[in-house]
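Here is a short briefing on charged side chains that pair up. Look at the sequence and structure first, then read on.

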Amino acid sequence: MQIAVIRGGTSRGVFFNAKDLPAANEEREAAVLRLFGSESGSIVDGLGGQNPVLRKAAIVAPRLPQSDSLPVLDLWFGQVDETLTTLATRDECGNISSGVPLFGALMGWCPQPSPGLQVIVNLMNTGAQIRVEWVEASSSGGRLVTWLVNPYRYGSARVLGLDQPVIAVETARLGRVECSIIQGLNTYVFVRSRDVGHPDPLVPDEFDPDLHDGLAEILEAISLQLPEAPTLKMSV
C-alpha cells in the first residue's frame, strides 16, 4: 500500500492510492480506520491525533484526461471520529483537497509542482469540482490558488445566516463587512481579505490591532446566531 502524510493548510491528512484499497465501501473504510488505530482504539497507535484536523483521510485516483486537457484527479474525503470507529464521507475539506495535486505528483499521475501548473480535482463526496494552480512550488509543496469550477450538486454543505448566501455585519473598527457562512464538518465564516484592508492573507504583514479586533467583532456577532462557534477564514 502506498500512502503519504500531507499537510494542507491547517489540516493534515493520510493520502491513499484508491487502487490499493478494497472497492467495497465497508471494507475500504475498515482498511483506512486500521491505519488510524481502530484496532487498539488508541490515537497513539495510529496515524491520526487527538485534534480532528489530524484525523483526515484522502483517497485519490487519477482520471484519464483528454490529450490536451489538464490532469484530473478524483478525491474521496473522510473524517475519522474521535473513537476511531467511523469514517464520515458526507462533506468535503478544502485543506485536504489542496494536498491532492502534490500527492498526484508523488504518484506520477501529474507533473511535479511548478508555478502555473494546474490540476482539476473532482470532489467525489459532493459532486463539486475545483481547479488548482501552483503559485509557488517546491518538491515538498508550495502555495496554491483554488477555483470552484462547478457548484455542489448534492451533499450537506449549506449556507447559514438568514437563508442568504451573503450577510452583512456592522463593526466599529472595520465598518460594514460582507460574510458568507458555510457549514460542513465545521462552521466557517468567510470574508474577502480586500474588504478588511488585507489584500493578501498569505503575505506576512505587521500585526494590525484594528484588523484583529474587527475580525473578532464579526465572529462575536455571528456566533450569536449559530449553535456552535464558527472559524473565520479570509479569502483573496
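The points below cover salt bridges, their network and the exposure of the partners.

This is a predicted model: local features need pLDDT of at least 70, side-chain atom pairs count only at pLDDT 80 or more, and totals for chains, interfaces and linings use all residues. Residues are numbered from 1 along each chain as its sequence is written, and side-chain values use heavy atoms, with hydrogens and water left out.

**Salt bridges**
- Side chains of opposite charge can pair when their charged atoms come close.
- A salt bridge here is a side-chain nitrogen of Lys or Arg within 4 Å of a carboxyl oxygen of Asp or Glu.
- Searching the whole structure turns up seven salt bridges.
- One of them joins arginine 176 to glutamate 178, at 3.7 Å from N to O.

**A link between strands**
- Glutamate 178 also meets arginine 192 in a salt bridge, at 3.1 Å from N to O.
- Arginine 192 lies in strand 12 (residues 187–192) and glutamate 178 in strand 11 (residues 175–183), so this pair ties together parts 14 residues apart in sequence.
- Strands (E, at least two residues) are DSSP runs, numbered from the N terminus.

**The network**
- Arginine 192 forms a salt bridge with aspartate 195 too, with the closest N and O atoms 2.9 Å apart.
- Through shared partners, salt bridges join Arg176, Glu178, Arg192 and Asp195 into one network.

**Exposure**
- Buried means under 20% relative accessible area, exposed over 50%, and partly exposed in between (1.4 Å probe, protein chains only).
- Arginine 176 is exposed, at 54%.
- Glutamate 178 is partly exposed, at 31%.
- Arginine 192 is partly exposed, at 32%.
- Aspartate 195 is partly exposed, at 29%.

Note on methods
Helices (H or I, at least four residues) and strands (E, at least two) are DSSP runs, numbered from the N terminus.
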